[in-house]
Amino acid sequence: MTDDLSSLGAETFAAVEAADNLASLEALRVAVLGRQGRLTSLLRALGEVPEDLRRERGQALNRLRDEIASAIAERRALLQAAAQDAGIAAERIDVTLPPRPSVLGLIHPISRTIGEIVAIFGALGFRVVEGPEIEDDWHNFGALNIPEHHPARQEMDTFYLPPRGTNARRVLRTHTSPGQIRTMTAAPPPYRVIVPGRTYRADHDATHSPMFHQCEGLAIDKAITLGHLKGCLIDFLRAFFDKPELPVRFRASYFPFTEPSMEVDIGWNRQSGELGQGGDWLEILGSGMVHPRVLANCGVDPGEWQGFAFGMGIERLTMLKQGITDLRPFFESDLRWLRHYGFSPLRPPILHEGLAG
Ligand code: DAH
């Protein structure tokens, strides 16, 4: 190879190595191999080379052109891969960045309890339904077998709303039991539902708030028995309070919408306030086998279907589990109280982790 070719080669290969981006590599390619490029010009000038040298010089030029072209192609592939890596690195989100606790909200203890109830009954095959907080007389009372002059109506300290047009008298629901009626009139049986939500009664002191929360439960099928009721509620209470040995007692009672009716008590120690053993009993919820008249009121044939219902106060469950003694701060939005009793939204209630809270 003649000197001019070997120095062109050496120069070009060094420049290819040194090119650190695709644009300068392309400029180099044009300067050497382009139409006006240095090597192209030499090829074009081949005609002026004396005949005895022409063949050898032509071969040398072609070889050099091929070597330069493949060196450029190799370098281009390398630079393209590097550019792609840089692009991906720039787009990446750093998921290891910790959250900023100062802007983190907290879950209210009432919402936490509802979440735990939903987790436990969800595992037992119940689904969540909701109903309106403004109810009519029939859903809140009549269909539940509480007739016009029944004492249960007085006991409930109902908030009545002014009549609207010819509509029946409306009330703020005094319990979540109308959720049973709404469920049964919306679709044919079977049913396995819970109805958590807000309820209202004209009552206000350390243990009563005019707005409070309940959770209703309803299980109707062909052969649901009182045994299922007991099993479900014992399982629920032991899971909720995270006490596998929690004593649970069923005590005969009366509700217009169940027959038989039972109040459910859990064991506790009156002196220490501790749940579990201790010989004392604490009333915790109401339950029973759904009254045949309630089924019939909803168009469900009591000769074919039967089951149980229950209702519990969510504030009470929350106070017992979290050791909160006064009901009033629940709804006062005092940030100090909320920060003390609130739950991390990053740790939702998950059954297999236990619900000790
Ligand atoms: N609705 C009742 C109340 O507010 C609670 C209740 C008792 C609901 C027994 C039920 C039940 O479903 O079976 O006091």
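The legends below go with a set of close-up views of one predicted model.

Residue numbers start at 1 along each chain as its sequence is written, and side-chain values use heavy atoms, leaving out hydrogens and water. Since this is a predicted model, local features need pLDDT of at least 70 and side-chain atom pairs count only at pLDDT 80 or more, while totals for chains, interfaces and linings use all residues.

**View 1. A mixed open sheet of 7 strands.**
Follow the strands across in the order β1-β5-β6-β10-β9-β8-β7. Strands here are DSSP runs of E with at least two residues, helices are runs of H or I with at least four, and both are numbered from the N terminus. Two strands pair if DSSP finds at least two bridges between them. At the edges sit β1 (127–128) and β7 (248–255), each pairing on one side only. β1 runs parallel to β5 (residues 191–200), with 2 bridges between them, and Val128 stands opposite Ile194 of β5.

**View 2. Two helices packed on that sheet.**
Helix α5 (residues 109–123) touches β1, β5, β6 (211–221) and β10 (306–313), and its direction makes about 170 degrees with that of β5. Helix α8 (residues 178–186) touches β5, β6, β9 (280–290) and β10, at about 40 degrees to β6. Contact means heavy atoms within 4.5 Å. The axes are lines fitted to C-alpha atoms, for helices over the stretch in contact, with angles from 0 to 180 degrees between N-to-C directions.

**View 3. The largest pocket, with a volume of about 1300 Å³.**
Of its 45 lining residues, Arg201, Gln214, Glu283, Gly313 and Arg316 are the closest to the centre. β9 gives the largest share of the lining, 7 residues. Elements that supply at least two residues each include α7 (151–155), β8 (258–268) and α11 (314–322). A pocket is found on a 1 Å grid over the protein atoms alone, as an open set of points where a 1.4 Å probe fits, with protein on both sides within 12 Å along at least five of seven lines; lining residues have an atom within 4 Å of a point. Points are joined across faces, edges and corners, and the volume is the space filled by probe spheres set on them.

**View 4. An antiparallel open sheet of 3 strands.**
The order is β2-β4-β3, with β2 (134–136) and β3 (160–161) as the edge strands. β3 pairs with β4 (residues 170–172) over 2 bridges, and Leu161 has Arg170 as its bridge partner.

**View 5. The loop between α9 (226–240) and β7, around Leu246.**
Leu246 is buried, at 1% relative accessible area. Buried means under 20%, exposed over 50% and partly exposed in between, using a 1.4 Å probe and protein chains only. Beyond its neighbours within four places in sequence, Leu246 contacts residues including Leu237, Phe241, Ile266 and Leu275. Asp242 lies in the loop between α9 and β7 too; its phi is near 55 degrees, a positive value in a residue other than glycine. Asp242 is partly exposed, at 40%.

**View 6. Two cis peptide bonds.**
One joins Pro189 and Pro190, with omega about 5 degrees; Pro190 is in the loop between α8 and β5. Another joins Glu259 and Pro260, with omega about -5 degrees, and Pro260 lies in strand β8.

Cys215 is buried, with 0% relative accessible area.
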